[in-house]
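Here is a friendly tour of one model. Please have the sequence and the 3D view at hand as you read.

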Amino acid sequence: EIVEFLRTRLKPGGLAMVSYNAMPGWAHLQPLRRMMRAHAESARGDSLDKARAAFGYVRALAKARSGYFATLPAAAAHLESMAQKDIRYVAHEYLTPHGDPFYFAQVEEAMRAAGLAFAGSMDATDNYAELMMPAALRALMPADASRAALETHRDFVLNTTFRRDLYAAQPAAAQPVDLALERLEGIEFCLADLPERLPMKVAAGPLQFDLSGQAGTVRTVHALLGSGPAGASAITGAVGGGAAFLIQQLVVSGHLSPCAAVRAAAGWLPLNTALVDAALRDRQQRVPLAAPAAGTATYSEPVNAAAIEAAASCDDEGVAAAAVLARLRRHDHPVNRHDAGGAVRPASDDEVRTYAAAAWRSLRDPRSPDGRLMRLLGVL
């Protein structure tokens, strides 16, 4: 149904993002999903009641070290991570009859039959095999391998569990080996974090890179963008030749983010007030905050976001702390304290005010890293 919808509704040249649970990362979780669905069929109540019953069943199996969980400890660990999720997520992810994971080639074949060509991953890092897998594993694929073979190889190397693929309603086009600088015109770039927080080398995890040989050039880009976003031409003027690939490297490695060329004036926006209220009301774990100076967005924990707004709007520490407390209590949003032994208890009003006052002082301090980042992004 999804493929047919895209085939008939997508205009020539149109783009569609197709996301799905992927193989082989979901291979060890398929039995878990099947067990939950089988148990839910005989459980009473609505879908959430069934999800709770099914989850309790498989968790009991894991705690009793049944054969499946004893053989696949990764499945037992995944089950514990599920325990932290909203039960609605569990019902959506594990009880729906239409949630089977796919190999990339299966989806690509279906889309190709509908006249859509794979254009790449929505996650920039996934499009750069030289940064996303060790050289020894890259060397296992022949130079003339098809894109489908390369994507499947990458998924097995990284044990991919979820994909966000971009498809275009047009014939497949050969991708150039090198991206011309002209293709980056019209895009501006901003720093993704404070320069001192951006590593030159990462040797562990799925994303590995080493920029240390270009450290001077990278720092030049950091200095240029320290006063605000700039386009590819400005970056080229600062560093000279080779800027096109350098920009791609810095985006993939998390140093730069593409951003809108048209930006609003810096400062706290009414939109952010509404977003923070929604996050507090709905108990969200993260809230997006519009960053007008950067033409992009940043994410914050909701309680911290409330403190950021207080720092932006209140000139008095005590007033700011009281405003944060009143807002959290108005939304009945939980604020907890963790003691040295790991025990959790609700924070008192005085503790919330103390936290909010400390956050206000830090964010208003010109030397504070958090305050500097918020001002760089234009949130403050």
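The sections below look at a helix pair, the nonpolar cores and one arginine in this predicted model.

## The H15 and H16 pair

Two packed helices are described by the angle between their axes and the distance between the axes. For helix H15 (residues 302-313) and helix H16 (residues 317-330), the angle is about 140° and the axes lie 9 Å apart. Angles over 145 degrees would count as roughly antiparallel, so H15 and H16 are oblique to each other. Their crossing is right-handed.

If you zoom in on the contact, H15 contributes Val303, Ala306, Ala307, Glu309 and Ala310, while H16 brings Ala320, Val324, Arg327 and Leu328. Sorted by type, the residues of this contact are seven nonpolar and two charged, with no polar ones.

## The nonpolar cores

The largest nonpolar core holds 59 residues, and Leu256, Leu289 and Val379 touch the most other members. Take Leu256 as an example: neighbours within four places in sequence aside, Leu256 contacts Phe189, Cys190, Leu191, Ala192, Val221, Leu225, Leu250 and Val251.

There is also a second, separate core of 21 residues, with Ala51, Tyr68, Val90 and Tyr94 among them.

## A look at Arg138

Arg138 belongs to helix H9 (residues 135-138).

Not counting residues up to four places away in sequence, Arg138 touches Ala129, Glu130, Met133 and His153. Leu150 is 12 residues from Arg138 along the chain, and the C-alpha atoms of the two are separated by 9.3 Å.

Methods. Residues are numbered from 1 along each chain as its sequence is written. This is a predicted model: local features need pLDDT of at least 70, side-chain atom pairs count only at pLDDT 80 or more; totals for chains, interfaces and linings use all residues. Side-chain values use heavy atoms; hydrogens and water are left out. Axes are lines fitted to C-alpha atoms, for helices over the stretch in contact, and angles run from 0 to 180 degrees between N-to-C directions. Helices (H or I, at least four residues) and strands (E, at least two) are DSSP runs, numbered from the N terminus. Angles under 35 degrees count as roughly parallel, over 145 as roughly antiparallel, 65 to 115 as roughly perpendicular and the rest as oblique. A crossing is left-handed if the near helix is turned anticlockwise from the far one by less than a right angle, and right-handed if clockwise. Contact means heavy atoms within 4.5 Å. Ala, Val, Leu, Ile, Met, Phe, Trp, Tyr, Cys and Pro count as nonpolar, Asp, Glu, Lys and Arg as charged, and the others, Gly among them, as polar. A nonpolar core is a set of buried Ala, Val, Leu, Ile, Met, Phe, Trp, Tyr and Cys residues joined through side-chain atoms within 4.5 Å. Buried means under 20% relative accessible area, exposed over 50%, partly exposed in between (1.4 Å probe, protein chains only).
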